[in-house]
Every structure is written in structure tokens, then in C-alpha cells.
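I opened this entry to keep track of what I looked up, step by step.

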Amino acid sequence: MCSSDRIELLINPGTWDHMDEDLVSLDPIESHSEEGPYKDRIDSYQRKIGLSEAVQTSIGQLYGISIATGVMDFQFMGEGGLAWDP
């Protein structure tokens, strides 16, 4: 489930207020991996997923109570990093 769907299930309709929308990852040490430069991977996932970062933060309401949320979207650079063997 993507982070937007999760937020929609958790937060009361019309109360979700996105925070840190302009926050993006940087690569000050110019790291590289087998998949290529980190900066290129970030750019690719931003285009693919449509998010600027892996975590969406917000203020909203749950059952009328104001809460702050941070919901990670595992599609953003998460795939391939986890081995699952049920």
C-alpha cells in the first residue's frame, strides 16, 4: 500500500495538511552503489513514485483528535533492500 493510500485510510477526510513538502534528500558525500550514483537513484524514484521523499509527514485528525503523522512509502528506494521469505 502506498503512503497516500495509508494516509487516506488513517486520517479523517479533509483534515490532512502536508508538512515538509519541499524536503528532499541530498547526497553531500556523492555516494555510489551497484545501482549507480545515489543522486540519480533519488531523481528516478521521485519521477517514478511522484513524491519528493520516502516519508510523507502531515498534521491531521484521527477520530477528531489532532495528530502528527510520518508515513513511509516503501516504493521509494525500499524495494530490493528487503528479503522476504515467509
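Predicted model: local features only at pLDDT ≥ 70, side-chain atom pairs only at ≥ 80, totals over all residues.

**Helix H2**

H2 covers residues 38-49, 12 residues in total. I checked its span from the first C-alpha to the last and got 16 Å. That is close to the 16 Å expected at 1.5 Å a residue.

Next I asked which residues of H2 are buried. I found Arg41, Ile42 and Tyr45. I took buried to mean under 20% relative accessible area. These three cover an arc of only 100° around the axis, which puts them on the same side of H2. The general rule I noted beside this: an α-helix has 3.6 residues a turn, so residues three or four places apart point the same way.

What do the buried residues of H2 pack against? I traced them to strand S2 (32-33) and strand S3 (36-37).

**The sheet**

I then turned to the strands. I found an open sheet of three strands in the order S1-S4-S5, and its pairing is antiparallel. Strand S1 (17-19) and strand S5 (65-72) are the edge strands, as each pairs on one side only. I looked up the twist as well: from one strand to the next it averages 30°.

Strand S4 takes in residues 55-62, and eight bridges join it to S5. The two run antiparallel.

**Helix H1**

Where does helix H1 lie? I placed H1, residues 3-10, across S4 and S5. Its direction runs at about 10° to S4.

**Whole chain**

I closed with the totals. I counted two helices and five strands in the protein. Read from the N terminus on, the elements run α-β-β-β-α-β-β.

I also looked up how far apart in sequence the contacting residues are. Among contacts between residues at least 6 apart, 63% join residues at least 24 apart.

Of the 86 residues, 24% count as buried. The protein exposes about 6400 Å², and carbon and sulfur atoms supply 55% of that area.

Terms used. Residues numbered from 1 in each chain as written. Heavy atoms only, no water. Pairing = 2+ DSSP bridges. Helix = DSSP H or I, 4+ residues; strand = E, 2+ residues; numbered from the N terminus. Axes fitted to C-alpha atoms, helices over the stretch in contact; angles between N-to-C directions. Contact = heavy atoms within 4.5 Å. Expected span 1.5 Å × (residues − 1). Buried < 20%, exposed > 50% of the residue type's maximum accessible area, 1.4 Å probe, protein only. Arc of directions from axis to C-beta. Areas by Shrake-Rupley, 256 points an atom, 1.4 Å probe, with all protein chains shown as cover.
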